[in-house]
Every structure is written in C-alpha cells, then in structure tokens.
Amino acid sequence: MKYNSTRSKKTVVTASQAIAQGISEEGGLFVPQELPKYSLEELSLLAAADYRGRAKKIMGDYLSDFTADEISESVDAAYTAEKFGSDNPCPISYIESGDKKMSLLELWHGPTSAFKDMALQILPHLLTKSMKKTAGDKKAVILVATSGDTGKAALEGFKDVDGTSIMVFYPVDGVSPMQKRQMATQKGENVSVVAIKGNFDDAQTGVKKIFTNTEIKKKLADNNMLFSSANSINWGRLLPQIVYYFSAYCDMVNEGKINLGDKINVAVPTGNFGNILAAFYAMNMGLPVAKFICASNSNNVLTDFIRTGTYDRKRHFYTTISPSMDILVSSNLERLLYHLTDGNDERVAGFMKALSEEGSYTVDADIKAKLEKYFWGGCCDDENTVKTISELYKNENYLADTHTAVAVNVYDQYAAETGDLTPTLIASTASPYKFAKAVLGAVTDEALPEDEFAMVDALSAKTGTPVPAPLASLKELKERFDTSCEVEEMPGVVLGSLGIV
Ligand SMILES: *Cc1c(COP(=O)(O)O)cnc(C)c1O
C-alpha cells in the first residue's frame, strides 16, 4: 500500500517513508491511497482474536513494506499487560442511563494515564524500523508540540530508544500541574522538555515551521540526523488508533452488548481531530458506525465547522479544564477534507492556504453535505463539564476526567436533540487523576487541599478508586526540566540541544 500527500497526489511514498518523514515536503499529511475493507466474516475473525491479534491484522494491512515479524515484534512489545494493566489494554465500562446505552472505552490504562499511550507506545517501534528501511543509520530527531498529554506519552515511548532524540514543547500556562510534573520529571538520556511562552497553536505552528525550514533540515542532514514527528499528523500515530475502534466493537459483540453487524455511534472528545478521524477510517474499512459525535470544549471551532461549513480560527482562545482539547487549528481535519473531496489535493491545498493566510475557509455544499451525513458537532463549557462529572459520579458511580465528561455531555445533547438511541461508544481519554483539581471539585463539597498530590489522595479517599501507579510515583521524583523560551527562539533551542548550532 502506498500513501499520497493531502496537498499533492504527485507525492507517493511507502508506509515506512510516511512514518519516518512524519509530514510531506509541501506541508501536506500522508494518507493511504486505498483502505483495506473488512466483511462481517472478517470482523468475526477479528472478534475471535485478542487485542494484539487484532492489531497485527489491521496494522499489517496498512504497513505493506513491513514484514509480519516486524509488525508482531512491535505489537507484542507495545501492548503488554505490564504496561497496560491487562491483556486488553482498553477495557469498556458500560453505563445504561434511561434509554441511553453508553460504552465508555477506557483508553488511559497505559504508562502516562492518557489515550495517547495507545499510539505512542508502539510508534517508536514503527519509527525506528521505518528509519532503518528509509534512512540507513540516521538519527531521528523527534519534535513534539503538546497540549499536555502527547508530550508525556511521547517522552515515555521514546526515552532511551536507540537512534532517537526527542524534544517536547508545551505552552507554559496551558497544561495541568500533573501534566507539567509528568514532563518535568521525565527520565531518559535522549529527552528534553521546554515550556514556550504561547499557547498550543503557537507551539504546533513553531514545530511545523522548523520541520519545513530547509536551512535547519540541511544542518541536520550534515550531522546525519533527520526530523520526525510524534504528533498525530504522523500516520504511525493514527494507525494504532484505528485498531481500538475495531477492538472495542468486537468486545461489545463478545460481551453481548450488540450483535455482529449492528451499527453503533461513536462520540469523541476532540482536539486535533486524530482520535475521531481514526474512527472515521474504521467506518470506511467496514466497521458499522452510523454517526460520529464530535465533542469540543469552549474552543468550539469544530462545532461551528460541522454546523456551518466555515472553519474560522480567528476567535478567542480559551484555557479550559480540558487542556488537551484547547486547540483552534485541528491538524487532522486536513485528512478528512481529503477523503470527503475524494482525494482532491488542489482543493485541500486551497483550504489550507486560506486557513494559514486568512485564518478561515468555507467548504462547498458537496463537502458540507457529506460532513453533516457522518458528523454531529457539539460543545460544552467548563461549568457544564464539572456538572457532568458530578452527575456521572452521583448517578452512575462512574468517575470521568474532564475530557471524557465533555464527550458525555455532548452525547447527551445529541441524544436529546435527535432522539437517536443507537448504542454509543464514547472515547474515555484520560484518567481522572490527571486532572485531580477539577474532578475532585466536582465530586466533593469540601474545601480542596492546595497541593496537587494531596488532591489526588483526597480524590482516591473520596471515591475509593485507585491512583494510577505512575502518577502516584511522581511525588517522589526530582524535576529535571524547568526552561522556557519565546516561540521565535524555538529553532535555536532545538539546534542548541542537538549541539549543532
Ligand atoms: C489528545 C487528547 C484529546 C484530543 O484528541 P485528538 O486526537 O487531538 O482529537 C482528548 N482528550 C485527551 C485526554 C487527550 O489527551
């Protein structure tokens, strides 16, 4: 299977090139030329396999220049019971509330307690193998812009991986105290972490600019290095996410919640549009999905886009209690536009040019019609997020984090507005303990302790739920990284840390 760039069909690369490079030369994202299609018979074969078996089949169909052994090795190393707590890395919690059937797909049982682990535990394996195939012995320099969770998950995935070096940039005031502490205490000889004076979009734009700066790229090449990306623009991030939608559907069938072939809805708390896009790929491969419910916080640029067809990033940026969704430029939407235009690279390039030059674009009626057919968009502010956490806990005895609560709230809005009671898979994307302040505040009337770890302990005492071990252990670790820089200084910081100024 080959891959094109969303902005140029003339660009044709293999899977390993797409993963090693991360982003195409002209700034486009890599997309598969065609999708594998699974019949119901094939779905039932997947249902008979375990998570790792499902992952090997699905990833094997996309990574056609990997050997079966290379895929097995990567999958077996990534999804271990040791790292994810059980052989099924993402169990489902079922909630029936009135006529509503919600299946919360818990994607946060990995080492950093957020769903990013599902992709970032396997990406280093895919990336180092891709580098060997395409770039010989060059060292991969991974640059990451993070709104909090990607950074830690990428650091944890790449720490001390031979032939790689990783740098993470996060917005200085845009991540939770726990997220900051997770990154500041990161272990590993090949890692560095820098706060930038700006928001997530500034960090992401800064990283993209470095990736496409020919002068900097040449400096790296002269030193036998190559940039790569661990952000969800990398195909190697998206592909592992497709797997868990198939796996969840299989689990729902095996656990008697639906019959094979029944349609489900999928609701996803959305930021960069990677997670929900993976579900869209799954549907196009044969997974029976009726509707995608795209949930945003107060940064509701996607809600407006789905409802009006106009994407407009020129708006107020809110810092919310669901920081991993504080994003106004959702990178992966570009891939959706490519597929909704049946692969019209010129139209996609036009939209992206308008977005970067004018800050907005409007899609034509044909695209808008398709968008509405598959997607429903809604948003939820902080106040309602807290209310949702509180009600879920009181009524269903389920403790949700702030991001998951946004999805549950928007799903409720969807069900109320449409009356559609199709069983709905809701992506539960982080452990509530990563956002202890907001979650504790939602479930208790008592005054909150000052200290982050005191809040974590109070949350556990109040709810009788365990603190994830990797978060509990942070208390004892020493902070290693405390530098910050201006956005304009990012290129210099990168070269400096690589020692090639
Ligand atoms: C990254 C993240 C999201 C948003 O996912 P996208 O793939 O960027 O849309 C939602 N919730 C949590 C907890 C996250 O870490």
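**Close-up 1. R52, K56, D76 and D87 are joined in a salt-bridge network.** A salt bridge here is a side-chain nitrogen of Lys or Arg within 4 Å of a carboxyl oxygen of Asp or Glu. By this rule the structure holds 24 salt bridges. Please keep in mind that this is a predicted model, where local features need pLDDT of at least 70, side-chain atom pairs count only at pLDDT 80 or more, and totals for chains, interfaces and linings use all residues. Residues are numbered from 1 along each chain as its sequence is written, and side-chain values use heavy atoms, with hydrogens and water left out.

**Close-up 2. E334 and R7 form a salt bridge.** The closest N and O atoms are 2.7 Å apart. This pair links distant parts of the chain, with E334 in helix 15 (residues 333–340) and R7 in the loop between strand 1 (2–5) and strand 2 (8–14), 327 residues apart. Helices (H or I, at least four residues) and strands (E, at least two) are DSSP runs, numbered from the N terminus. E334 has 3% relative accessibility and so counts as buried, while R7, at 26%, counts as partly exposed. Buried means under 20% relative accessible area, exposed over 50%, and partly exposed in between (1.4 Å probe, protein chains only).

**Close-up 3. R54 meets D251 in a salt bridge.** Their side chains are 2.9 Å apart, N to O. R54 sits in helix 3 (residues 51–62) and D251 in helix 12 (residues 235–254), 197 residues apart. Both R54 and D251 are buried.

**Close-up 4. Helix 11 packs with helix 23.** Helix 11 (residues 214–222) and helix 23 (residues 490–498) lie at an angle of about 5°, with axes 12 Å apart. Helix 11 is therefore roughly parallel to helix 23, a label for angles under 35 degrees. Axes are lines fitted to C-alpha atoms, for helices over the stretch in contact, and angles run from 0 to 180 degrees between N-to-C directions. I216, K219 and L220 in helix 11 meet P491, L495 and L498 in helix 23, where contact means heavy atoms within 4.5 Å.

**Close-up 5. Strand 11 runs parallel to strand 14.** Five bridges join strand 11 (residues 289–296) to strand 14; two strands pair if DSSP finds at least two bridges between them. Have a look at C294, which stands opposite G377 in strand 14. Four of the five residues of strand 14 (residues 375–379) are buried, so this strand is largely enclosed by the rest of the structure.

Note on methods: Parallel < 35°, antiparallel > 145°, perpendicular 65-115°, else oblique.
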